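Reader: I would like to go through this model by its computed geometry. Please give the cut-offs as the terms come up.

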Amino acid sequence: MTAKVIGDEDGFYTRAEKYWKKIPPTVDGMLGGYGHISNIDINSSKRFLQRFIGEGSGKAGASCALDCGAGIGRITKRLLLPLFKVVDMVDVTEDFLAKAKTHLGEEGKRVGNYFCCGLQDFIPQPQRYDVIWIQWVIGHLTDDHLAQFLKRCQKGLRPNGIICVKDNVSQEGVIEDEVDSSVCRELSTLHTIVQLAGLNVLAEEKQEDFPDEIYQVYSLALR
C-alpha cells in the first residue's frame with residue numbers, strides 16, 4: 001500500500017530525517033504543536049498498559065522497556081520510567097537523544113541505552129524487553145519495513161512480553177504527509193501488517209478526548 005504512495009523509498013526516509021532535524025527538542029516539538037494533549041495521552045496510555053503488566057498469569061514483567069521513536073523522552077519520562085526498572089530509547093535524531101539526557105533529569109540514570117537509529121534498521125536485543133512501546137512513528141516506515149520491524153520486536157520480547165503500537169489512523173486508505181514524509185494508514189491495513197508479522201492483537205482501544213481536527217488515534221497491544 002505505502003509503496004504506491006511514497007514512490008522513492010530512500011527519499012522517503014531522507015526527507016523525514018531532514019524534517020526532524022529542524023524540529024525544536026521540546027514536548028511541543030515532539031507533538032507537532034499539540035503539547036497540550038500530552039497529559040491526556042500519557043494517562044490513557046498508562047491505563048492501557050497497566051492491563052498487561054504486573055503480577056499474575058500471562059502478565060508482562062516490569063524489568064525493561066523500549067521506547068521507539070523516543071524523541072526527547074516524553075514517553076520514557078512520564079509513562080515508562082515510572083513503571084519499569086530500565087528503559088532503552090531509540091530515535092533517528094541525535095539532537096533529541098542528547099536533549100533527553102537533561103529532559104529526563106535524575107530518573108534518566110535508569111535509561112540503559114540511547115540508540116540513534118532509524119527503526120527500519122534497528123534490531124532490538126533478543127529477549128531483553130517486557131514492553132516495546134511504538135508511538136507516533138510507524139508512519140515513517142514502509143509497510144514491508146514495518147512488518148519486518150515488528151518481527152524483530154517479537155524476538156526482542158521476554159516471556160509474556162508485549163508490543164504496544166499507538167498511532168494515527170485514517171478513515172480510509174493511506175494518506176501521505178509530505179511535510180514530515182510519513183503516511184497514515186487505515187486500521188484494516190495496520191491489522192494486515194500485524195498479521196504478516198506473525199503477531200496477534202490482544203487489545204485495541206481508541207483514544208478519547210483528543211482535539212477533533214487531528215486523526216483518530218488507536219492503541220494496539222500485540223504479542
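Reader: Is Cys64 buried or exposed, and what is its relative accessible area?

Author: This is a predicted model, in which local features need pLDDT of at least 70, side-chain atom pairs count only at pLDDT 80 or more, and totals for chains, interfaces and linings use all residues. Residues are numbered from 1 along each chain as its sequence is written, and side-chain values use heavy atoms, with hydrogens and water left out. Buried means under 20% relative accessible area, exposed over 50%, and partly exposed in between, with a 1.4 Å probe and protein chains only. Cys64 is therefore buried, its relative accessible area being 6%.

Reader: How many disulfides are there?

Author: A disulfide is a pair of cysteine sulfur atoms within 2.5 Å. For Cys64 the closest cysteine sulfur is in Cys68, 11 Å away, which is too far for a bond. Cys68, buried at 1% relative accessibility, has its closest cysteine sulfur in Cys153 at 5.2 Å, also too far. By this rule the number of disulfides is zero.

Reader: How many helices and strands does the protein chain have?

Author: Both are DSSP runs numbered from the N terminus: helices are H or I with at least four residues, strands are E with at least two. On that basis the protein chain has eight helices and nine strands.

Reader: What is the radius of gyration of the protein chain, and what would a compact globule have?

Author: The radius is taken over C-alpha atoms, and the globule rule is 2.2 Å times the number of residues to the power 0.38. The C-alpha atoms fill a box of roughly 45 × 35 × 35 Å along the principal axes. For 223 residues the rule gives a value near 17 Å, and the protein chain agrees with it at 16 Å.

Reader: What share of the contacts in the protein chain between residues at least 6 apart joins residues at least 24 apart in sequence?

Author: Contact means heavy atoms within 4.5 Å. Of the 223 residues, 51% count as buried. Among contacts between residues at least 6 apart in sequence, the share joining residues at least 24 apart is 68%.

Reader: How far apart are the centres of the positive and negative side chains?

Author: Lys and Arg count as positive and Asp and Glu as negative, while His and the chain ends are not counted. Each charge is placed at NZ of Lys, CZ of Arg, CG of Asp or CD of Glu. There are 26 positive and 31 negative side chains, and the centres of the two sets are separated by 8 Å.

Reader: Where is Lys166, and how far in space is Ser219 from Lys166?

Author: Lys166 is found in strand β5, residues 157-169, and counts as buried at 1% relative accessibility. Its contacts, leaving aside neighbours within four places in sequence, include Asp41, Trp136, Gln207 and Ser219. Lys166 and Ser219 are 53 residues apart in sequence, yet their C-alpha atoms are separated by 4.2 Å.

Reader: What is the phi of Trp136, and what is that of Asn160?

Author: Most residues other than glycine have a negative phi. Trp136 is in the loop between β4 (129-135) and α7 (143-155) and is partly exposed at 23%, whereas Asn160 is in strand β5 and partly exposed at 36%. Neither is a glycine, but phi is positive in both: about 50 degrees for Trp136 and about 65 degrees for Asn160.

Reader: Which residues does Gly139 touch, not counting those up to four places away in sequence?

Author: Gly139 is found in the loop between β4 and α7 and is buried at 6% relative accessibility. The C-alpha atom of Val174, 35 residues along the chain, is 9.8 Å from that of Gly139. With residues up to four places away left out, Gly139 touches Phe12, Asp167, Ser182, Val183 and Arg185.

Reader: What separates the C-alpha atoms of Val174 and Arg185?

Author: Val174 lies in the loop between β5 and β6 (175-177) and is buried at 16%. Thr2, found in helix α1 (residues 2-6) and buried at 2%, is in contact with residues including Val174 and Arg185. Val174 and Arg185 are eleven residues apart along the chain, and their C-alpha atoms are separated by 4.6 Å.
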